[in-house]
Amino acid sequence: CGRKVTRVPHRFPGAVTGSCFMWSFTDPLMFWRISWSLERYLRNTLPQYINPSRILEFGPGRSTRVLAETFPDARITSLEHQEAYYSKQKASLQDLPQVTLHHCPLNADLFYSSGKWTEGSYDLLLVDGPPKNTKPRARAGASRIFDNIAANGIIILDDSHRPDEKAIINEWAADFDLSHVFTGGSFTVLRKGMITPVSKSLVYS
């Protein structure tokens, strides 16, 4: 795409044209968005590894739309614990019939309360919630759904550059049969059920 930027009012580099992107400041999900590097990975690289039929997402936002556009035939289940933000997301994503958004208040363990989303299997799990201010290592609870991830399914942990998320990766490496696929600047991609365990390929010090 090159690095030349044409200035357009209210927009900046980023919409999907090949590997180029453009985002609007009027996008209601703009300030609750995944990193540019993760969006590029989801759009351009992840389809080389997997063509999911069912996707589970902890923490909806821009990523929900990116997943729906990248995998239009997939059914996406996304969980949000804050009622106000759930309502905003529901309005913003209403044009995506393949997305099912659940309002899931946090339980006593400060993770998403159980519901229909725990039924069946998923090919792809994107963990971008709960927020880090919920409790230490807030996203570690995502492992409770690992049994529902299909063999060779993909697990993506966002914000894996943070100390808590690094600790979570170490914990998962010790307890589950996972392989390291890729680490971006702020996210880590794992695959379930492959030969080389993540503990031998990616353990943070």
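Predicted model: local features only at pLDDT ≥ 70, side-chain atom pairs only at ≥ 80, totals over all residues.
Contact means heavy atoms within 4.5 Å. Residues are numbered from 1 along each chain as its sequence is written, and side-chain values use heavy atoms, with hydrogens and water left out.

The chain has five helices and 10 strands. These are DSSP runs numbered from the N terminus (helices, H or I, at least four residues; strands, E, at least two). Of the 205 residues, 51% count as buried, that is, under 20% relative accessible area with a 1.4 Å probe, protein chains only. Contacts between residues at least 6 apart in sequence were also examined; 55% of them join residues at least 24 apart.

I155 lies in strand 8 (residues 149–158). The residue is buried, with a relative accessible area of 1%. Leaving aside residues up to four places away in sequence, I155 touches L125, F146, W172, L178, T188, V189 and L190. V189 is 34 residues from I155 in sequence, yet the C-alpha atoms of the pair are 5.9 Å apart.

The largest has 23 residues, of which L42, L46, L67, L124, I154 and I156 touch the most other members. At least two residues of this core come from each of helix 1, helix 2, strand 7 (122–127), strand 8 and strand 10 (187–192). A second, separate core of 22 residues includes F58, L157, L178 and L190. L42 touches I34, P47, V66, L67, T70 and I156, again not counting residues up to four places away in sequence.

Helix packing was considered next. The axes of helix 1 (residues 36–45) and helix 2 (residues 62–70) come within 9 Å and cross at roughly 15 degrees. Axes are lines fitted to C-alpha atoms over the stretch in contact, and angles run from 0 to 180 degrees between N-to-C directions. The two helices are therefore roughly parallel to each other, a term for angles under 35 degrees. Helix 1 contributes E39, L42 and R43 to the contact, and helix 2 contributes R62, V66, L67, E69 and T70. These residues divide into three nonpolar, one polar and four charged. Here Ala, Val, Leu, Ile, Met, Phe, Trp, Tyr, Cys and Pro count as nonpolar, Asp, Glu, Lys and Arg as charged, and the others, Gly among them, as polar.

Technical notes. Parallel < 35°, antiparallel > 145°, perpendicular 65-115°, else oblique. Buried < 20%, exposed > 50% of the residue type's maximum accessible area, 1.4 Å probe, protein only. Core = buried A, V, L, I, M, F, W, Y, C linked by side-chain atoms within 4.5 Å.
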